Structure formats: C-alpha cells, structure tokens
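Let's take a walk through this protein together, beginning with a pair of helices and ending with the domains.

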Amino acid sequence: MKITNIKFEKLKFKLKKPVVVAFATIDSAETIIVKIETDEGIYGFGEASPFGPVTGETLDTVAVVLDMFKKNLVGMNPLKIEKIHYKMNNIILGNSSAKASIDIAVHDILGKVMNQPLYKVLGGYSNKIQTDITIGIDRPEIMAKEAVAHVKNGFNILKLKAGKNAKDDILATKLIREAVGENIRLRMDANQGWDVNTSINTLYELEKYNMEAVEQCLPYWDIDGSAQIKKRSNIKIMLDESIHTPVDAMNAIKKDAADILNIKLMKSSGIYPAVQINSIAQASGVTCMLGCMLETKVGITASASLIAAKKNIIEADVDSFMMIEEDERIMGGFKMEKDTITLSEKPGLGIELNM
C-alpha cells in the first residue's frame, strides 16, 4: 500500500459563545481537515487544529507544512507510522498539529485495513468515555448559572476556567458548589495564570469546595514551581501546556511536578507520541487526562478513541465540538448521550465526509 495523495481543506467556525481563558478570549475556531488517499482505494481523515499560544502554529503555517509533508510522504506506506513520524520530524521541528493531522489520518487507514474501530486497534479497553464540559471565565454568578444548566443537561464533571483573578476563581467555585451540590465533580484550569504563592493560597481555599484537580497553575516552563505546589497541595496538580512530548512527560515526572498529565493530540503530534506519553506516565504511577483544542468530530473521535482504549487515561476533556457550529458534512465517529460518548464500531474513525 502506498500514499498517492494528501488533500486538505481549511475550515473556520464561529463559537456558539465566546470562551474566556486566562490569556485570551476565543470567539472562533480554525481547523484543517486532511484526507490521505492510497493506491488501494483506502483513505483516512485527520485534523490539524492549531492554537498559536500553545502549538506555535497558525492555519496558514499548517497549510505550508502540509504541502511539505505531501512532497515527502507520497509513495510511503501509510502503515509505517513510526517511519512517517521520523520523516516528519526530520523535515521540520515542532508544528505538532500539522503532524497530528497526518498521524490521525494514517491511524484511520490502519483501522480500515484491520477492519476494526480505532479504539480496538489502540487497546480496546472500552468503547465509552465520560467527558467534562468547560465553563469559561465570567462573573462568578453567571458561571454558577451556566453550571446548573450543564448539570440539567446531564453533565457530571465541570471544568472551570480560571487564572485572571484568584478571588473571583474562589468565589465562582463556591457559588458553583452551592448551586450544583456535592455529587458533581469539579476541576479547574488556570491556563498558566498564577504564580507559586497565588497557586498555594488559592488551592488551600479551593479545598473547601472539594475541587478535585487544578490544571496548569504556572507558566509552561516552570516545572520546578509546579513541583513546589504539588508538595503543598491536597488537590491533584495537572500539567497541560507543559506537556507536549514524551520527553516533557519524563522530565515532569522526574521532578514530581504533577499527579495527572493532560495529553492533547494537537500538542503531542498525534496518537503515536500520545501513546508514548501515557506509557511513561503509567509506568511512573501517574494518570492521564486527554483534552482537545477547538476541533471538529474528526479530531474528537481520534482523541476519544485513545481515551477509551487506554485504562490509564482516566479523564476526558473533549467537549469542544459542542462549542462550535459543526460542519454538517462531518458525520459518524461517535454518538453522545448526556455526558457519555459511545464510539462507532465502524473501521478506523468511522467518520464519513465528502472531500
């Protein structure tokens, strides 16, 4: 089998509601859908969802890099996934979402060749996952109202964005806990918005409201600071923007800087390196969550397939497809009931798309 063509299409979406995080207000999404064709008529879909502050890419740079990959990957066997990553890494450093789109597409092809859904190809632990839903930064009382609405719609895990004002973060947590009761799970994402002292003091206050985990308290580079916070906190510490590669995971674990690692395919360069990150974490007694950028059902299905496949990936944050005006051409992949995603039993991603 050989790759005969790599096609891609830029897509832009409006968010149903702007999402405010510590370092940005996001009101639109840009993504690229990739299709890899082969000489045997089997094809695979992938997605690149760049986010400059995290992946260092834009939609235009992804397109340029995909053109570079096309020139070098056409003629290769799409099932030689490690060799494809080696080739991409030799062509250009970084550019993780561009690489992820190729990785996802060749994994889709692999599932189709094996005639198995991707979650079974990757490990097959389960075919279902439970995702959280994100509440962006707003006035604490508005965040509490939004939390109640999500719980009424069947969500049992809420992820609160934070990091702009620690006092407001604490108040929002208090109001949300009072509004939704004790049985709803809460976690928080500071998106690099705090310093060490603010983190320690804020986490102490958040303990009162049964906050399970707080994600990325500090700038991505401050692994030593995260280790300090972890020693002082009874709340689990999660790293996200700090973890792009297996080497990042190893360094964070060596410094005892996190209880949980947040893997994202757009950061890790796809499924193949994400599996390596999870294996390092699992061998070290650290669990993982798998999150997402602002992705369509193509990227979300790939992420959900990996989450379901691996027992050590115990948490899911793959709600972004619900925030955007979805392209109606993209069908299949999974079904969702309340907060539970059930993956398709069709081969590969199970995505249908005319492209």
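**Helix pairs and domains**

Helix α7 passes helix α8 in a right-handed crossing (the near helix is turned clockwise from the far one by less than a right angle). Helices here are DSSP runs of H or I with at least four residues, numbered from the N terminus. The model is predicted, so local features need pLDDT of at least 70 and side-chain atom pairs count only at 80 or more, while totals for chains, interfaces and linings use all residues. Residues are numbered from 1 along each chain as its sequence is written, and side-chain values use heavy atoms, leaving out hydrogens and water.

On the α7 side (residues 166-180), Ala166, Asp169, Ile170 and Thr173 make the contact (heavy atoms within 4.5 Å), and Thr198, Thr202, Glu205 and Leu206 do so from α8.

Now turn to α6 (residues 140-152), whose axis comes within 8 Å of that of α7, crossing at roughly 35°. Axes are lines fitted to C-alpha atoms over the stretch in contact, with angles from 0 to 180 degrees between N-to-C directions. This crossing of α6 and α7 is right-handed too. Among the residues that meet are Met143, Ala147 and Val151 of α6 and Leu171, Leu175 and Ala179 of α7.

Stepping back, an automatic or database assignment divides the protein into domain 1 (3-115) and domain 2 (120-353). Their centres, taken over C-alpha atoms, are 22 Å apart. At the interface, 41 residues of domain 1 contact 44 residues of domain 2.

Definitions and conventions. Helix = DSSP H or I, 4+ residues; strand = E, 2+ residues; numbered from the N terminus.
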